[in-house]
Amino acid sequence: MPYATLRYEVSEAGAATIALDQPDTRNALSDELLGELIAALEAARDDAAVRCVVLTSTHDRIFSAGANLGGFAADVPLVHKHFGTEKFPRLFRLLGELGKPSLCAANGHVLAGALGIALACDLIIAKEGARFGTPEINVGVFPFMIMALIYRNVPRKKTNELLLLGEQISAAEAERIGIVNRVVAAEEFDAAVAEWARKLASKSPVMMKLGKDAMFRQLDMEFLAALDFLRSQLSLAFTTEDIQEGVKAFFEKREPEWKGR
């Protein structure tokens, strides 16, 4: 389906690239953009040909500047504002339950609510020069919606610093504190993203779904409950054809031929 605020394409290898495409607004997370992003992710989730999702931007310097601030001060009933924020938790949950790995290709600045979207992805590659931060406090707002994601990815005191001071940090600092996996020079960025997308798309789709679901569900479980749950998932994995094929291919020193079942 056509989109007004983003671009969507699927490579032959099975990598679906979703690129935010509102450069005039610095990819502000408007209601329309968030709605189309949810629709695109659902399309990728439901397409058997898609093996992984890459989330990026067509802007040359900005991934997204965050939420559309105009809505914060709009003269509309409070209940409308409350319902208007439901797309953020829906989006975060969708990425967690996607059943396919997600890679954020942060080719520019990742600010405010966009940091939550990036952190909801499984992996983040940042282009050298990109900056990260939660500047909401500087305009009298607070990053309530993304706080849970930041605290689950970044040490507590560093998260406090980001939330309370509202200062931006470099890609190198974001890598140091665990926000991003890799920082890549501009001339190497596209190749690095393509390589990780290729590797993700080459894995067993059924095992990736089982693993992704387990990663999301065990995140906040009590330790012993998590062990019981993960043991049951391992037993379920034993029933798949792909686990048999993967082990057989390993011993036969060849590439596996995944059946997805």
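Buried means under 20% relative accessible area, exposed means over 50%, and partly exposed lies in between, using a 1.4 Å probe and protein chains only. Those classes are used in the points below.

1. Basis of the model. This is a predicted model: local features need pLDDT of at least 70, side-chain atom pairs count only at pLDDT 80 or more, and totals for chains, interfaces and linings use all residues. Residues are numbered from 1 along each chain as its sequence is written, and side-chain values use heavy atoms, with hydrogens and water left out.

2. Helices (H or I, at least four residues) and strands (E, at least two) are DSSP runs, numbered from the N terminus. Arg-26 sits in the loop between β2 (15–20) and α1. Its relative accessibility is 44%, so Arg-26 counts as partly exposed. Asn-27 is in the loop between β2 and α1 too. Asn-27 counts as buried because its relative accessibility is 0%.

3. Most residues other than glycine have a negative phi. Arg-26 is not a glycine, but its phi is positive, about 60 degrees. Asn-27 is not a glycine either, and has a positive phi of about 55 degrees.

4. The main core. A nonpolar core is a set of buried Ala, Val, Leu, Ile, Met, Phe, Trp, Tyr and Cys residues joined through side-chain atoms within 4.5 Å. The largest one has 49 residues. Leu-41, Ile-117, Phe-132 and Ile-179 have the most contacts inside it. Helix α1 (residues 31–46) gives the most to this core, with seven residues. Apart from it lies another core of 13 residues, including Cys-52, Ala-105, Phe-189 and Val-193.

5. Ile-179. Contact means heavy atoms within 4.5 Å. What does Ile-179 contact, leaving aside its neighbours within four places in sequence? The partners are Leu-115, Leu-119, Ile-124, Phe-132, Val-154, Leu-162, Ile-169 and Ala-174.

6. Arg-45. This residue is in helix α1. Arg-45 has 33% relative accessibility and therefore counts as partly exposed. Not counting residues up to four places away in sequence, Arg-45 touches Leu-94, Leu-98 and Lys-100. Glu-97 is 52 residues from Arg-45 along the chain, and their C-alpha atoms are separated by 9.1 Å.

7. Val-53 and Ser-102. Val-53 belongs to strand β3 (residues 52–57), and Ser-102 belongs to strand β5 (residues 102–106). Val-53 is at 2% relative accessibility, so it counts as buried. Ser-102, at 1%, counts as buried. Leaving aside neighbours within four places in sequence, Val-53 is in contact with Ala-16, Ile-18, Leu-41, Ala-44, Leu-98, Pro-101, Ser-102 and Leu-103. With the neighbours within four places again left out, Ser-102 contacts Val-53, Leu-95, Ala-120, Cys-121, Asp-122 and Leu-123. Val-53 and Cys-121 are 68 residues apart in sequence and 9.2 Å apart in space, C-alpha to C-alpha.

8. Cysteines. A disulfide is a pair of cysteine sulfur atoms within 2.5 Å. By this rule the count is zero. Cys-52 is in no disulfide, and the nearest cysteine sulfur, that of Cys-121, is 11 Å away. Cys-52 is buried, at 0% relative accessible area. The sulfur of Cys-104 is 5.0 Å from the closest cysteine sulfur, in Cys-121, which is too far for a bond. Cys-104 is buried, with a relative accessible area of 0%.

9. Helix α6. Which residues of α6 (residues 156–165) are buried? They are Lys-158, Thr-159, Asn-160, Leu-162 and Leu-163. Their cover includes α5 (144–151), β9 (169–170) and α7 (171–176).

10. The α9 and α10 pair. Axes are lines fitted to C-alpha atoms, for helices over the stretch in contact, and angles run from 0 to 180 degrees between N-to-C directions. The axes of α9 (residues 205–218) and α10 (residues 223–238) come within 11 Å and cross at roughly 170 degrees. Angles under 35 degrees count as roughly parallel, over 145 as roughly antiparallel, 65 to 115 as roughly perpendicular and the rest as oblique. The two helices are therefore roughly antiparallel to each other. From α9, the contact uses Met-207, Leu-210, Ala-214, Arg-217 and Gln-218. From α10, it uses Ala-226, Phe-229, Leu-230, Gln-233, Leu-236 and Ala-237. These residues divide into eight nonpolar, two polar and one charged. Here Ala, Val, Leu, Ile, Met, Phe, Trp, Tyr, Cys and Pro count as nonpolar, Asp, Glu, Lys and Arg as charged, and the others, Gly among them, as polar.
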